[in-house]
Amino acid sequence: MSEIKRNFIGGQWCAAAEASENRSPANPDDLIGLYARGNQADVEAAVAAAKAAQPGWGRGSPQLRSDVLRRAGDLLLARNDALGRLLAREEGKTLAEAKGEALRAAQLFHFYAGEAVRDPGEKLNSIRDGVEVDVMREPLGVVGLITPWNFPIAIPAWKAAPALAAGNAVVMKPADLTPGCAHVLAEVLEEAGCPPGVFNLVMGRGSEIGAALVQTPEVAAISFTGSERVGRGIAAGCAAGMKKVQLEMGGKNPMVVMADADLDIAVNACLNGAFFSTGQRCTASSRLIVEDRIHDAFVEKLAAAMGALRLGDPLEAETQIGPVVSEGQLAGNLDNVRLAGEEGCEVVGGQRLNRPGSFQAPALFVNARNDMRTSREEIFGPCASVIRVADFDEALAVANDTPYGLSSGICTGSLKYATAFRRGSKAGMVMVNLPTAGVDYHVPFGGRGASSLGGREQGRMAMDFYTSVKTAYTFAG
């Protein structure tokens, strides 16, 4: 029997009453390990440890915080190969993508090591003689971080690094499906010299651990990435407790393809945006909105490229698409494939593969309409609807006709259309001749509507969420 990977509370590796199996979606016989499954008492212990440790961390030298984050980034770089392999095994994305994600985590820690010593306070002149005004940012205290399974090291990094840089203490709850990478992050922060109690890891069910974090009065803020349904519940709980809240939820992201686009660029952008990472990205291109004049040629070329994608073991170098993360997720995807056919789409691909593991062929829903359920609701799998439109005006209207507003894109050779789309798209991020998925670590990430609530993540703007503004007046005489 494998040794149980424990929770990390107050600088100690702590046993839990239960444990869960972490198995590879590519190979059900591949047991990655047994991981502690915590409960409310574990959350209370972690919050207490964080509350005790935070004042020293937050009021201490920003150089200490910077040094810890820099060392953590260095250690993540040193572990890139092993961490990438673990990520590919537990989440199912290809080894190349997994190593790239592990590298991104290191880059995030290095970036926020710089932000820790770059406090952008202000000194302003008062309108009253003899009065000085200082505007300062202070840490919130204890923050709860609830992270998803689809980016099991990058998203924990892009939440934890700015939270720690700002002087907060952290209690993190990773996704129950992919606890392994977050467990490595706890090991890395311990080795980097993070003081006991400043970073705590409590693994377990979201319904128990996440709910306890939201309900605990000593937690000042919650940052959550996951489904819209769960996010709305967290928002309500945080409002009742007067907590600061940051939510990144779903998307039904449009990619517009104009008739003047370079067809190869458009196909590659849609292929990447819709199907890489098995479509399991909140920024995935799930609605391909194509101008009528090139619709048929685009579909033919994209379907051929999609059919040529190599599906298989994520640890094999030639694999381009790995498995869906779980049997439950696969079942939901297949339900949507069936629904698309019932709604009148011509379904290309989408079948379960006849091999061990949770493998699904990518799917195109051709002849889709924007009012279909499969065009309205997030599927979170390798499925994309193709919607025919007459011209740019209809394309922009269809692109914006969604409750979500995370990412959008357009493929065009026209500066006029590109500029009009960038201005007119009701999304937090807009891509021109690029996939809707794929962002840099030093710029803001987030959307509008049902996609996001609260401050932006990543870049300097992430520090806004993890701090509180204080305005201080001094009469100097």
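**A tour of strands and helices**

The model on screen is predicted, and local features need pLDDT of at least 70, side-chain atom pairs count only at pLDDT 80 or more, while totals for chains, interfaces and linings use all residues. Residues are numbered from 1 along each chain as its sequence is written, and side-chain values use heavy atoms, with hydrogens and water left out.

Now show residues 131-139, which are β7; 4 bridges join this strand to β6, and the two run antiparallel. Strands (E, at least two residues) and helices (H or I, at least four) are DSSP runs, numbered from the N terminus. Two strands pair if DSSP finds at least two bridges between them.

Next, select residues 31-37, strand β5. Of its 7 residues, 6 are buried, so β5 is largely enclosed by the rest of the structure; buried means under 20% relative accessible area (1.4 Å probe, protein chains only). Strand β4 (residues 18-23) is joined to β5 by 6 bridges, and the two run antiparallel. Strand β1 (residues 4-5) pairs with β5 in the parallel sense over 2 bridges. Here I4 has L34 of β5 as its bridge partner.

Move to the helices α13 (residues 392-400) and α14 (residues 415-424). They pack at an angle of about 25°, with their axes 11 Å apart. Axes are lines fitted to C-alpha atoms, for helices over the stretch in contact, and angles run from 0 to 180 degrees between N-to-C directions. The angle makes α13 roughly parallel to α14 (angles under 35 degrees count as roughly parallel). Which residues of α13 and α14 make the contact? Select F392, L396, A399 and N400 on α13, and Y417, A420, F421 and G424 on α14. Contact means heavy atoms within 4.5 Å.

Last, find F111 in helix α4 (residues 95-115). Leaving aside its neighbours within four places in sequence, F111 is in contact with Y441, H442, G459 and R460. Then pick I9, 102 residues from F111 along the chain: the C-alpha atoms of the two are separated by 26 Å.

Note on methods. Angles under 35 degrees count as roughly parallel, over 145 as roughly antiparallel, 65 to 115 as roughly perpendicular and the rest as oblique. Buried means under 20% relative accessible area, exposed over 50%, partly exposed in between (1.4 Å probe, protein chains only).
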